[in-house]
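Let's take a walk through this structure together. Have a look at it first, and then we'll go through it piece by piece.

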Amino acid sequence: MSKAQRSNGQLSSVGGPEFSNDELLEMLSNQRRRFTIHYLKQREGEHVSVSELTDWVASWENDTEIEALTHQERKRVRNALRQFHLPKMDDHGFIDYDSRRGTVTLTEEAADANFYVDSLTGGDIPWGIYYLGLSGFCGLCLFGFWLGLFPFTMVEPFTWSVFVLTALTISSVGHFYDNYYRMRLGAREKPPEVDEE
């Protein structure tokens, strides 16, 4: 399995062909491009019109229903997509953009890759910090038990083992769900950084 990943773990592509770190950072650093990839992943290889794509990107960007978008909101997104984002994504091999027909689709390489965005939703605690805290807590408990301190000695070693195993299992399942379903472009109806109500 190939893997291209940003050094701090915030943006990555896993599976399928490898995009360079620079390409990933360039493409995923912009919200409109992330929204574009998200929507095209949901359409699974279909050719999508630029106006349809514009409606969805503008809807997510303005946190409103498509029917409630103003002409100005649509125009601003459509112009940015046509003049800048779609040609750039096409040049880097993420999409196939036919400017004459006004259609766009993901390339096979991008369709086969999974793009994960982490820490874009605001108040979430990054998984690395969570695991550091869990490790610190478990280490403190082990150290307290080893020194024979109260209340750590009230619990049997087997019970501590079950607690640690259960905490790690629940954390791992939560981390898998968060990465694979909540933070993967195209996995949900709305992009990861748009609140689902």
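How many aromatic pairs does the structure hold? There are 14 aromatic pairs in it, where rings of Phe, Tyr and Trp (its six-membered ring) pair if their centres lie within 6.5 Å, and planes under 30 degrees apart count as stacked, over 60 as edge-to-face and the rest as tilted. Before going on, keep in mind that this is a predicted model, in which local features need pLDDT of at least 70, side-chain atom pairs count only at pLDDT 80 or more, and totals for chains, interfaces and linings use all residues. Residues are numbered from 1 along each chain as its sequence is written, and side-chain values use heavy atoms, with hydrogens and water left out.

Take F19 and F94 from those pairs: they are stacked, 4.2 Å centre to centre, with 15° between the planes. This pair links distant parts of the chain, since F19 sits in the loop between strand 2 (11–14) and helix 1 (21–28), while F94 sits in the loop between helix 4 and strand 4, 75 residues apart. Helices (H or I, at least four residues) and strands (E, at least two) are DSSP runs, numbered from the N terminus. Both F19 and F94 are buried, and buried means under 20% relative accessible area, exposed over 50%, partly exposed in between (1.4 Å probe, protein chains only).

Another pair is Y39 with W60, which is edge-to-face at 6.2 Å centre to centre and 65° between the planes. Y39 belongs to helix 2 and W60 to helix 3 (residues 50–61), 21 residues apart. Y39 counts as buried because its relative accessible area is 6%, and W60 does so because its value is 5%. Ring pairs also link F35, Y39, W56 and W60 into a cluster.

W60 is one of the buried residues of helix 3, including V50, L53 and V57. The buried residues of helix 3 pack against helix 2, strand 3, helix 4, strand 4 and strand 5, with contact meaning heavy atoms within 4.5 Å.

Now for those strands. They form an open sheet of 3 strands in the order 3-5-4, with antiparallel pairing; two strands pair if DSSP finds at least two bridges between them. Strand 3 (48–49) and strand 4 (95–98) are the edge strands, each pairing on one side only. Strand 4 is joined to strand 5 (residues 103–106) by 4 bridges, and I95 has L106 as its bridge partner in strand 5.
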